[in-house]
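Me: Can you walk me through this structure? I'll jump between topics as they come up.

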Amino acid sequence: MFLAVCVCGIVGMQAQKNESFRPGQVWNDTEGNPINAHGGGLLYHQGTYYWYGEYKVGETVLPADATWERYRTDVTGISCYSSKDLLNWRFEGVVLKAVPDDPGSDLHPSQVVERPKVIYNEETGKFVMWMHTDSPDYGKAEAGVAIADSPTGEFKYLGGFRPNGTMSRDQALFVDDDGTAYQFSSSEDNQTMHINRLTDDYTKPDGTYVRRFVDMSREAPAVFKHGGKYYMLSSGCTGWSPNEAELAVADSIMGEWTVIGNPCTGPDSEKTFCGQSTFVIPVQGKKNAYIACFDMWNKTDLQNSKYIWLPILIDEHTGKLSIPWLAEWDMSVFDNK
Ligand code: DGJ
């Protein structure tokens, strides 16, 4: 009896180590708490992956004046988790905090802060976070920028603006091999994607941008480079409800983009397995290995939304990219191609 209590006590103190990805299941951090980093983005820096996301805490409400499904939780900040293996994540805290005592702040709990993405600037040594900042009715449509000296913060908020004077909602960042960074943003009332080139310090648009996916209503962009080409995974615009994913490809970032189609295969692939894209991770140390990260939104209880991470598989003969549904998988999928 005494031994049993001791053993249980020890086991209880340690969270179980994750050995595989289990898309759509509760995913605990190293302390045994569900990971809370939604609409997130990852950064690989000096041997460690960092996962930044919306730290959603508290009740989900549908505002009384809502004419569409803009369920919300109060802004509580941006969380950060760290990992060496992409499976086991240590909570590093809330690295950009809400500002409850200033109703005029973009980070006030009453506002909207979504889809944080962090990139590292080699020249300035700063970690630069871009996010979608908005008014509660999503009418402001801005991008907010924060910087930090360390990947785990604390990030200092620099301010919000409309990039090149244009609306910006769902957004992603991409740093090309030459160090030039770009922001992809759902603009023009989410009808058209803008690709905004950033200044050398990554904190502002440099004034050059292109309109792409014109009138195609793409949201949730996630951009990656493979085999010298640029890819964008995205969703359609249906609030928090899932729809069909789409992959597009380009030879140059600001050039023409060609829609390939839905890369998802298997059950519920026509609605992205009930998820929505947020990021694509190039797996370090493995060739042609990418992980597509999706949020599985629980729109009436946003803080309990889950994650769907799936490998992007590349057909060795045709080069075609696909994202098959796998209930459980590990990194060995990349070795079996
Ligand atoms: C879809 C976006 O992708 C989310 O980030 C969020 O803004 C919801 N719309 C709000 O309904």
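Reply: Let's start at one strand pair: cysteine 264 stands opposite isoleucine 323 in S21. Keep in mind that this is a predicted model.

Me: Which strand joins S21 there, and in which direction do they run, parallel or antiparallel?

Reply: Strand S17, residues 264–265, is joined to strand S21, residues 321–324, by 2 bridges. The two run parallel.

Me: And how does S20 pair with S21, parallel or antiparallel?

Reply: Antiparallel, over 2 bridges. Strand S20 covers residues 306–314. Leucine 313 stands opposite serine 322 in S21.

Me: How many residues lie between S20 and S21?

Reply: There are 6 residues between them, and the two strands form a hairpin. Glycine 319 sits in the turn with a positive phi of about 80°.

Me: What about the hairpin of S11 and S12: which residue takes a positive phi?

Reply: Tyrosine 202, with phi near 65°. That hairpin has 6 residues between the strands. Strand S11 (192–198) and strand S12 (205–212) pair in the antiparallel sense over 5 bridges. Leucine 198 has proline 205 in S12 as its bridge partner.

Me: OK. Where does glutamine 46 lie?

Reply: In the loop between strand S1 (38–45) and strand S2 (48–54). Glutamine 46 also has a positive phi, near 45°, and is a residue other than glycine.

Me: Which peptide bond is cis?

Reply: The one from glycine 153 to glutamate 154, with omega near 5°. Glutamate 154 is in the loop between strand S7 (142–148) and strand S8 (156–161). For background, most peptide bonds are trans.

Me: Switching to the ligand. Which residues are around the ligand?

Reply: Trp68, Glu69, Glu114, Arg115, Tyr138, Asp170, Glu219, Gly239, Trp240 and Gln276.

Me: How much of the ligand does the protein bury?

Reply: 97% of the 300 Å² that the ligand exposes when taken alone. The space taken by the ligand is the second largest pocket.

Me: Now sheets. What is the strand order in the open sheet that holds S1?

Reply: S1-S2-S3-S4, with antiparallel pairing. S1 and strand S4 (90–97) stand at the edges with a single partner strand each, so one side of each has no neighbour in the sheet. The twist averages 25° from one strand to the next.

Me: How many bridges join S2 to S3?

Reply: There are 6, and the strands run antiparallel. S3 spans residues 77–83. Tyrosine 49 has serine 83 in S3 as its bridge partner.

Me: What holds paired strands like that together?

Reply: Strands of a sheet pair through backbone hydrogen bonds, either parallel or antiparallel.

Me: And the sheet with S13: what is its order?

Reply: S13-S14-S15-S16, an open sheet of 4 strands with antiparallel pairing. The edge strands are S13 (219–226) and S16 (257–261), and each pairs on one side only. Neighbouring strands here are turned by 25° against each other on average, direction ignored.

Me: How many bridges join S15 to S16?

Reply: There are 4 between strand S15, residues 246–250, and S16. Valine 249 has threonine 258 in S16 as its bridge partner.

Me: Great, that covers my list.

Key. Residues numbered from 1 in each chain as written. Predicted model: local features only at pLDDT ≥ 70, side-chain atom pairs only at ≥ 80, totals over all residues. Heavy atoms only, no water. Pairing = 2+ DSSP bridges. Axes fitted to C-alpha atoms, helices over the stretch in contact; angles between N-to-C directions. Near = heavy atom within 4 Å. Areas by Shrake-Rupley, 256 points an atom, 1.4 Å probe, with all protein chains shown as cover. 1 Å grid on protein atoms, 1.4 Å probe; cavity = no way out; pocket = protein on both sides within 12 Å on 5 of 7 lines; lining within 4 Å. Sits in = over half its atoms within 2 Å of the grid points.
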